[in-house]
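These entries record what I looked up in the structure shown below. I begin with the overall fold and then turn to strands and aromatic rings.

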Amino acid sequence: METSNVTEWMFAAEIPIPEDVAGILVQGEQPYAAFKTLRDSAIFTSKRLIVRDSQGLTGKKVEIYSLPYSAINMWSTENAGKLLDMTSEVELWTRAGHIKIKLGRQVDVRRIDSLIAHCVLNQ
């Protein structure tokens, strides 16, 4: 599995959970939080992290990445520094490889850390 484009995820800001996500959830799966990405959204659910990537000029073509929390072996978070370092970062070590997620200034890195911890450790 190639994860080179996965390392380019950027969570810009927390947003309301998109209503249409219900169509891809399994029975009993609950959405917890959603974040704006460069071209669509990322949703933390009770079972996985879903990243949707709209493609093409119209955005009608959508690629969906689904990362079950059971695939995450370890993670790290790094808060933004001062001055030139404006973004925080999350790294996930998974069975699929090493994934990096940059967080915009409007995203609280500790909230992301807490979401991941809650979801991974309660599996």
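**Entry 1: overall contacts and surface.** I looked first at contacts, meaning heavy atoms within 4.5 Å. In the protein chain, among contacts between residues at least 6 apart in sequence, 40% join residues at least 24 apart. The model is predicted, so I note its terms: local features need pLDDT of at least 70, side-chain atom pairs count only at pLDDT 80 or more, and totals for chains, interfaces and linings use all residues. Residues are numbered from 1 along each chain as its sequence is written, and side-chain values use heavy atoms, with hydrogens and water left out.

I then took the accessible surface by the Shrake-Rupley method with a 1.4 Å probe; for residues, only the protein chains shown count as cover. The protein chain has about 7400 Å² of accessible surface, and 52% of this belongs to carbon and sulfur atoms. Of the 123 residues, 41% are buried (under 20% relative accessible area, with exposed being over 50% and partly exposed in between; 1.4 Å probe, protein chains only).

**Entry 2: secondary structure.** I assigned helices (H or I, at least four residues) and strands (E, at least two) as DSSP runs, numbered from the N terminus. The protein chain has 9 strands and 1 helix. Along the sequence, the pattern reads β-β-β-β-β-β-β-β-β-α.

Entry 3: I counted two strands as paired if DSSP finds at least two bridges between them. An open sheet of 4 strands shows mixed pairing and the order β1-β9-β8-β7. Strands β1 (9-11) and β7 (72-78) stand at the edges with a single partner strand each, so one side of each has no neighbour in the sheet. From one strand to the next, the twist averages 20°; axes are lines fitted to C-alpha atoms, for helices over the stretch in contact, and angles run from 0 to 180 degrees between N-to-C directions.

Which way do β8 and β9 run relative to each other, parallel or antiparallel? Strand β8 (residues 88-94) and strand β9 (residues 97-103) run antiparallel, joined by 7 bridges. A hairpin connects β8 to β9 through 2 residues. I found L92 opposite I99 in β9, and W93 opposite H98 in β9. In a regular strand, side chains alternate between the two faces of the sheet.

By contrast, β1 and β9 pair in the parallel sense, over 3 bridges. The bridge partner of M10 in β9 is K102. I also located helix α1 (residues 109-121), which lies across β1, β7, β8 and β9 and runs at about 165° to β7.

**Entry 4: aromatic pairs.** Rings of Phe, Tyr and Trp (its six-membered ring) pair if their centres lie within 6.5 Å; planes under 30 degrees apart count as stacked, over 60 as edge-to-face and the rest as tilted.

W9 and Y65 form an edge-to-face pair, at 5.6 Å centre to centre and 70° between the planes. W9 lies in strand β1 and Y65 in strand β6 (residues 61-68), so this pair ties together parts that are 56 residues apart in sequence. Both W9 and Y65 are buried.

The ring centres of F11 and F35 are 5.8 Å apart and their planes are at 15°, so this pair is stacked. F11 in strand β1 and F35 in strand β3 (residues 31-36) are 24 residues apart, and the pair links distant parts of the chain. F11 and F35 are both buried. I record finally that F11, F35 and F44 form one aromatic cluster.
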